[in-house]
Amino acid sequence: MSGLWEMITDPFMQRALVAALLVGVSAPVVGTYLVQKRLALLGDGIGHVALTGVALGWLVGAAMGLVPDDVLAVPGAVVAAVAGSVLIEVVRRRGRTSGDLALAILFYGGIAGGVLLIGLAGGSSGSLMAYLFGSISSVTLSDVWVTVALCGLILLIGLGLRAALFSVSHDEEFAQSSGLPVWALNMAVAVLAALTVTVAMRVVGLLLVSALMIVPVAIGQLVTRSFRRTMLVASVVGVAVCVTGLSITYWHNVSPGALIVVLAIGVYAVVAALHPVLARRQAPVDPHPDIPDDVAVSPAGAGRAAPQEECTP
Amino acid sequence: MTTLATDSPGAATPPPPRDAAVPAIEARDVHVRLGASPVLRGVDLTVRRGEVVALLGANGSGKSTLVRTLVGVLPTTAGSVHLFGHALGDDVPWSRVGYVPQRVSAAAGVPSTAAEVVASGLLHGRRLRLPRGWRAQVHEALELVGLADRARYATHQLSGGQQQRVLIARALVRKPELLVLDEPVAGVDRPSQEAFAATMTRLVADGMTVLVVLHELGELAPLVQRCVVLRHGRVVHDGAPPTPQPGHGGEAHDHVHPHAHPRTVQHPENVRLAEGPFDRPDDTEDEVAP
């Protein structure tokens, strides 16, 4: 018990826990829209592009002689991620290139650009490790404020415009026929995804950022029937795995980002395994009791081939 | 905003629309290209207030493209479309237009309840948030299509016909004056077809203007006042319901839909559309949620 108290009063842990908590809530909110739009891999694409932004910020910082030289890394990531997400949305809209091809090109370009630029900035690929896999233990107070501001913005838009974002993610054609600003709403989702990637970068790292957006949603949709509840369950799971994962790393020296993602996938595996058992416990109801039977079938076995015979004129 | 008293079927006379002389739909010389191919080649179409117009034509004649253009989903290459006297765009009073797209059977990535889907119909134009009392409005719309008891079901748990009715409720929830439907009864189970015809009868009695894409008039025949027939992207008939080509109009003719039941497409000879248990291509079996 005293160990727990020690952890909570540790200022490093306090800052890290606040960041993990906020990211745990907001990432699945955005992830729910991405899954519904069938763009589950968008977060990965943006994450890779953000790496180029990190390196670019580093390069600019080094050129300007700023100390420490990665002070512009996070702003660089924000700019690159937003630019990348807007680019993906434009490409998707034009329909010239299929969405996944555009994403693939961004993946490669983002990583290659990042490694190339960090070399020019006088660093090594090793300098990128903290961004690739997270470095939550080194969160500063100003980092926490940036996280609070960005997560606040993500939740404000993501929850405040839920009905409109749902409409456009669920059925873009209908949204268009309702005169909704479909382009702006799609852009909003893309920019939200970009902001989520940059805030989650600190917690789980760019390579695992998408997992935090998508895996909780995968868990949520296993256990609910509604969009709203899927989002709620996903956020609860997000917070739970982030805080639990981070707390474990206080006592055991493992990578927090990797642990959080492994925990999330573990929860998914358990829920998926239990799902058929739980579903079976519900009463087996006829899903369409009001639909009259279309063919008369003889009881058990004998009637196997009968419907087809009756079909033939 | 003028709304129709769709919720009170017994009402004596609906309030006359403010701008009753302006046609609900006015399309002039509409050309639409999809990719390299011209799909619509100079279509003129006017739908006046209170009219029920059926849009007929063979597969590939451009029916769906036309209605999707009319509601602003597809851009025109040339020509003009006015809804309630306003050129397509931000000026159109979108709350007065309800659109029912062709049912897409593929379930979305995240489960959503019937009520959630219907609620999205309350958003239009610059209204990006649900209005107060949206739950009651959603309930009312679902009641109108006979699905009030399914509000909290996930859409993928519903039958194809019920899913179609959810889409109709989504268009009706904003109490539109113009309803545009794209093949609302294609591959839909019987109870849903009957519920649909009953709903339409009530709406038309209340003064709803309707443009509906159909393969055959079917149960809607008594309601339809005018038929527009498209062929190769042009209007070839505009007037009374036309006589079908021999072998194309009867109950025994099997229409092949791009989204029909797979069995119907692969083995059309297996399905005889006559009286009795097989009188409709029935898709009740592919929609039971796993």
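Reader: How many helices and strands does chain A have?
Author: Chain A has 14 helices and zero strands. Helices (H or I, at least four residues) and strands (E, at least two) are DSSP runs, numbered from the N terminus. This is a predicted model, where local features need pLDDT of at least 70, side-chain atom pairs count only at pLDDT 80 or more, and totals for chains, interfaces and linings use all residues. Residues are numbered from 1 along each chain as its sequence is written, chains are lettered from A and ligands numbered from 1 in the order in which they are written, and side-chain values use heavy atoms, with hydrogens and water left out.

Reader: At what angle do helix 3 and helix 10 of chain A pack?
Author: Helix 3 (residues 42-63) and helix 10 (residues 182-204) of chain A pack at about 60 degrees, and their axes are 9 Å apart. Axes are lines fitted to C-alpha atoms, for helices over the stretch in contact, and angles run from 0 to 180 degrees between N-to-C directions. That makes helix 3 of chain A oblique to helix 10 of chain A; under 35 degrees counts as roughly parallel, over 145 as roughly antiparallel, 65 to 115 as roughly perpendicular and the rest as oblique.

Reader: Which residues make that contact?
Author: From helix 3 of chain A they include L42(A), G43(A) and I46(A), and from helix 10 of chain A they include A190(A), A193(A) and M201(A). Contact means heavy atoms within 4.5 Å.

Reader: New topic. In what order do the six strands of the chain B sheet run?
Author: The order is 6-7-8-3-9-10 in an open sheet of chain B, with mixed pairing. Two strands pair if DSSP finds at least two bridges between them. Strand 6 (97-100) and strand 10 (234-239) of chain B are the edge strands, each pairing on one side only. From one strand to the next the twist averages 15 degrees.

Reader: In which sense do strand 7 and strand 8 of chain B pair?
Author: Parallel, over five bridges, between residues 178-182 and residues 209-213 of chain B. L178(B) stands opposite T209(B) in strand 8 of chain B.

Reader: And which strands does helix 5 of chain B touch?
Author: Helix 5 (residues 190-205) of chain B packs on the sheet and touches strand 3 (52-57), strand 7 and strand 8 of chain B. Its direction makes about 155 degrees with that of strand 7 of chain B.
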